[in-house]
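Hi there,

Here is the structure I promised to pass on.

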Amino acid sequence: MPRFLRIGVHQSNVSGYTSKAWCVRRVGSAVFLKWGAVEVHGAGDGRKVYWTRLPQEKTVRCGSAQRAQDYAKAAIARRRNHRYEPLTGPIANRRRSAGAGTELKQALATILIVDIVGSTAKAAKLGDARWTKIMGHYYAAVRKELKSSRGKEVVTTGDGVLATFKAPAAGIACATAIRKAVRTLGLDIRVGLHAGEYTVSGTEAVGLAFHIGTRVAAKARAGEVLVSSAVKELMKAQSQIRFADHGMHQLKGVPERWRLYRVEG
């Protein structure tokens with residue numbers, strides 16, 4: 001069964017990220033597809049990949065073995081053109097969390113979402129090899145700034161990064177530093193920050209606050225750092241950071257309208 005792992009995020013040789021895997025298997029005139037989110041631990045030959053939840057599955061009945069073979073070849077070619085690489089090892093069932101059985105815990109943090117603007121067009125223009133190299137430098141730069149600002153990386157998917165900070169000022173400082181660093185790679189990013197509670201269960205973190213942060217980032221244009229009103233309220237005592245009113249917005253899937261602010265400078 002050919003298996004593929006989305007590439008770009010693991011090039012920095014860092015363990016503990018989440019990504020996406022895709023599998024195909026042909027039996028006679030039928031093609032069996034399986035895909036879903038995976039968690040990757042370790043690097044190199046010792047890398048282990050786990051489904052984070054039950055993968056989606058689909059059976060395509062092609063009518064003849066030749067049609068099924070052509071379908072499988074085309075499906076594999078599409079994955080290779082979407083920044084996937086062949087995965088030689090198995091994909092195991094969901095790994096038991098070290099914190100399994102522990103109580104849910106609430107945490108409060110400033111959430112940062114970083115996303116590359118126009119990444120698909122850039123990848124197509126540069127080609128897989130060059131784009132993969134740039135993505136390696138991109139994640140190295142992001143993680144360097146996260147470390148300097150004492151941010152905690154929660155998840156990395158595709159060309160996006162989600163991280164948390166104990167203090168909103170640290171998150172904003174990190175966002176502007178990342179923006180400056182990646183420009184040397186010819187990349188523009190959009191950034192969103194939100195402050196709120198989320199739930200921690202073992203090694204997993206979930207909550208509406210993450211979705212709000214993602215929606216705030218989606219409202220930003222290239223080079224912009226936007227924050228929610230929750231972050232702005234926490235920053236009242238930080239006079240050195242200036243904000244410009246970005247207006248009221250309806251965030252997709254989020255109740256009510258939210259006032260957003262653009263970080264100046």
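Below are my notes, going from the whole chain to single residues.

This is a predicted model, in which local features need pLDDT of at least 70 and side-chain atom pairs count only at pLDDT 80 or more, while totals for chains, interfaces and linings use all residues. Residues are numbered from 1 along each chain as its sequence is written, and side-chain values use heavy atoms, with hydrogens and water left out.

**The chain as a whole**

The secondary structure comes to 6 helices and 15 strands; helices (H or I, at least four residues) and strands (E, at least two) are DSSP runs, numbered from the N terminus. Of the 265 residues, 43% are buried, where buried means under 20% relative accessible area, exposed means over 50%, and partly exposed lies in between (1.4 Å probe, protein chains only). The accessible surface is about 14,400 Å², and carbon and sulfur atoms hold 50% of that; the areas come from the Shrake-Rupley method with a 1.4 Å probe, and for residues only the protein chains shown count as cover. Among contacts with a separation of 6 or more, 63% join residues 24 or more positions apart, a contact being heavy atoms within 4.5 Å.

I also looked for disulfides, that is, pairs of cysteine sulfur atoms within 2.5 Å. The search of the whole structure gave 0. Cys23 is buried at 3% relative accessibility, and Cys174 is buried too, at 0%.

**Two cores**

A nonpolar core here is a set of buried Ala, Val, Leu, Ile, Met, Phe, Trp, Tyr and Cys residues joined through side-chain atoms within 4.5 Å. The largest one has 32 residues, and Tyr138, Ile172 and Leu193 make the most contacts inside it. Two or more residues each come from β8 (105-116), α3, β10 (160-165), α4 (168-183), β11 (189-201), β13 (225-228) and β15 (257-263). Helix α3 gives the largest share, 7 residues. Leaving aside neighbours within four places in sequence, Leu193 has contacts that include Ile111, Leu112, Ile172, Val216, Leu226 and Val231. There is also a second, separate core of 13 residues, with Val24, Val31, Ile76 and Tyr84 among them.

Helix α1 (residues 65-80) has 16 residues and reaches 23 Å from its first C-alpha to its last, close to the expected 22 Å; the expected span is 1.5 Å times one less than the number of residues. Its buried residues are Ala68, Ala72, Ala75 and Ile76. They sit on the same side of α1, because they cover an arc of only 100° around the axis, the arc being that of the directions from the helix axis to the C-beta atoms. Exposed Arg67 and Lys73 are on the face turned away from that buried side.

Helix α3 has 21 residues and reaches 30 Å between its first and last C-alpha, close to the 30 Å expected. Its buried residues include Trp131, Met135, Tyr138 and Leu146, and also Arg143 and Glu145.

Ser149 is found in the loop between α3 (128-148) and β9 (152-157), and is buried, with a relative accessible area of 18%.

Arg150 lies in that loop between α3 and β9 as well, but is exposed at 77% relative accessibility. Please look at its backbone: Arg150 has a positive phi of about 60° although it is not a glycine. Most residues other than glycine have a negative phi.

Ala167 is in the loop between β10 and α4 and is partly exposed at 36% relative accessibility.

Lys219 is in the loop between α5 (208-218) and β13, and is partly exposed at 33%. Beyond residues up to four places away in sequence, Lys219 touches Glu224, Leu226, His246, His249, Gln250, Leu251 and Leu260. From Lys219 to Arg190 is 8.5 Å, C-alpha to C-alpha, and the two are 29 residues apart in sequence.

Best wishes
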